[in-house]
Amino acid sequence: MLKQALPKQAWTWIAIVVVAALALVPLLPGAIDSYAFSFLFFVFIYAIMAQGWNLVAGFGGQISLGNHAFFGLGAYTTAILWSGNYLWGSLYDAWPRIYYFDPVTMVLGGLVAAVAAVIIGLPLLSKLRGDYFALGTLGFGEIVKVMFINGGDFTGGAFGIIAPASTFDTLLPHYLVGLGLMVGTALAIHLLMRSRYGLALIAVRDDEMAASANGIDTLRVKVAAFAGSAFIAFIAGSLYTYYIFHVGPDSVSDLDWMLLPLMMTVVGGTGTLLGPILGVFVMYAVFDLARIVVPDYHPVISGLTIILAMLFLPKGLMRSFRSRARAA
């Protein structure tokens, strides 16, 4: 028992130290204007997305390929409200904000995405399993992208929507909000998985028939996880809009927003709390380094890295580290 407890405590302290160090980064001279600062900001966004996918797939066992749709919904909803071109845009200035971040849009919009996920998830999860559910969510993502393209003036068509970039002054608010959302998402999932619902979710993942026989409403548990994942993806999309300012179908509904968090989570360790964050740090560093050093071959290097990780770390980095710690 002692061997199993120590690694968990060690990882908890490591996480606390890392978060504290990240929070102090803006105090370093020249840090805010450095490339590393923007690198960390994107790490936070991908970590939020990875945690959302891990909730429904890693802890829930339902492989979803549609999180980029909710990411896009978050981006478009924020851009539409921010641009103020419609009736509700006149109410925007009266809403409370952090700098020019709008917590009302991010939270209420996330709830709308969760409701949309329930509407979509009920028929899909009640009828489809495994690969069929994954393909169903992928199809939903492509439908949302087509809706963005054919939305006319409401969504800006194929060009998209441009937000007022004149409000941008520094990346510091983006960094702090991104760090807070990444940590907050991880803590929320940690508390969720320690609750009765979390135990039910893991039971459904491990053996759905046995969970149902023991009185667990498996459909409700799976739909709730899908809705929670959609909420998290929406928040990430909203945060991204405050950085990019130009929201278009190709920038926020691209499959990379589904594939990259998925791969990062798998490399870090699905079904673990810190695995997705660790996987994002490692894989995004590899992707970015390859893009800078060998721009013509970075897809090859990135793909090779993923293959090697799957061959030598099939359970992910987090579980591999824990296994070695227990064996030591």
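These legends describe close-up views of a predicted model. Local features need pLDDT of at least 70 and side-chain atom pairs count only at pLDDT 80 or more, while totals for chains, interfaces and linings use all residues. Residues are numbered from 1 along each chain as its sequence is written, and side-chain values use heavy atoms, with hydrogens and water left out.

**View 1. Helix α12, residues 275–293.** Helices are DSSP runs (H or I, at least four residues) numbered from the N terminus. The 19 residues of α12 reach 27 Å from first C-alpha to last, close to the 27 Å expected at 1.5 Å a residue, that is, 1.5 Å times one less than the number of residues. Its buried residues (under 20% relative accessible area, 1.4 Å probe, protein chains only) include Ile 277, Val 280, Tyr 284 and Phe 287. Seen down the axis, the buried residues fall within an arc of 165 degrees, so they line one face of α12; the arc is that of the directions from the helix axis to the C-beta atoms. The face turned away carries Leu 289, Ile 292 and Val 293, which are exposed (over 50%).

**View 2. The aromatic pair of Tyr 46 and Tyr 284.** Rings of Phe, Tyr and Trp (its six-membered ring) pair if their centres lie within 6.5 Å; planes under 30 degrees apart count as stacked, over 60 as edge-to-face and the rest as tilted. This pair is tilted, at 5.4 Å centre to centre and 40 degrees between the planes. Tyr 46 lies in helix α2 and Tyr 284 in helix α12, so the pair ties together parts 238 residues apart in sequence.

**View 3. Thr 185 in helix α6.** Thr 185 is buried, with a relative accessible area of 12%. Thr 185 touches (heavy atoms within 4.5 Å) Ile 48, Gln 51 and Ile 232, not counting residues up to four places away in sequence.

Terms used. Helices (H or I, at least four residues) and strands (E, at least two) are DSSP runs, numbered from the N terminus.
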